[in-house]
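Hi everyone, thanks for coming. Please have a look at the chain on the screen, and then we'll walk through it together.

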Amino acid sequence: MAKVHVLQVDRKPENTAELAAGVAAGRTVDDWQMPKDSRPGDLVIWYAAGRQEYIALGWVDDIPVMVKEGPGPYRGKVGRMESIKPVHRRKVIRDCGLDGGVESYQTVDEGLVANFLDSLGLSHLTPRLRLAQLCPTCNQVMPLTGICDNCG
Ligand SMILES: [Zn+2]
């Protein structure tokens, strides 16, 4: 099953502007800080720290790379970005126990994924996570093209 990562937008105007630019373009404009083990096909949900709301989604589009400058240590690309109907942090804690406000980014425990997406009104996405294909050679999630990034 593909993973779900919660990424944060902090209160800085340039950070919220970068997310808005990504939603407008449908993909991240610059690479975004994310967990090292993020893989193509994983779902990303953005949490806005200032508003304490979940506000956007997207799909990991490439394997993240290590960076020496700026937010890191790993940054990656997200595609098919769109805004979602904002959902408050407290509602999600009440529904499934997940607190998006505690870490700069986090991967949702597999056992919480269905309830988390349900809390966000995104339960229709749960079957898509189950459909993610694994490469038979290296066992990592393949992009929807079916061509493995590692093995070509
Ligand atoms: Zn492979």
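First, some ground rules. Residues are numbered from 1 along each chain as its sequence is written. This is a predicted model, so local features need pLDDT of at least 70 and side-chain atom pairs count only at pLDDT 80 or more, while totals for chains, interfaces and linings use all residues.

Let's start with strand 3. Is strand 3 buried or exposed? Six of its six residues are buried, so strand 3 is largely enclosed by the rest of the structure. Buried here means that 20 or more other C-beta atoms lie within 10 Å of a residue's own; 12 or fewer makes it exposed, and in between it is partly exposed, with C-beta atoms placed from the backbone. In a regular strand, the side chains alternate between the two faces of the sheet. In strand 3 both faces are covered: one side has Leu43, Ile45 and Tyr47, the other has Val44, Trp46 and Ala48, and all are buried.

Which strands pair with strand 3? Two strands count as paired if DSSP finds at least two bridges between them. Strand 1, residues 4–9, runs parallel to strand 3 and is joined to it by six bridges. Strand 4 pairs with strand 3 in the antiparallel sense, also over six bridges. Follow tryptophan 46 on your screen: leucine 7 stands opposite it, and in strand 4 its bridge partner is alanine 56.

Strands 3 and 4 form a hairpin with four residues between them. Most residues other than glycine have a negative phi, and most peptide bonds are trans. Glutamine 52 is partly exposed, because it has 14 other C-beta atoms within 10 Å.

Arginine 80 also has a positive phi without being a glycine, about 50 degrees, and this residue lies in strand 7, residues 78–88. Arginine 80 is partly exposed, with 14 other C-beta atoms within 10 Å.

Three strands form an open sheet in the order 2-6-5, with antiparallel pairing. Strand 2 (32–33) and strand 5 stand at the edges with a single partner strand each, so one side of each has no neighbour in the sheet. Two bridges join strand 5 to strand 6, and methionine 66 has tyrosine 74 as its bridge partner in strand 6. In the loop between strands 5 and 6 you'll find proline 73.

What about helix 1? Its 13 residues, 13–25, should span 18 Å at 1.5 Å a residue, and its end C-alpha atoms are 18 Å apart, which agrees. The expected span is 1.5 Å times one less than the number of residues. Glycine 26 follows helix 1, with a positive phi near 80 degrees.

Last stop: threonine 137, in the segment after helix 4 (126–130). Threonine 137 is exposed, because it has 10 other C-beta atoms within 10 Å. Its C-alpha atom is separated by 41 Å from that of histidine 88, 49 residues apart along the chain.
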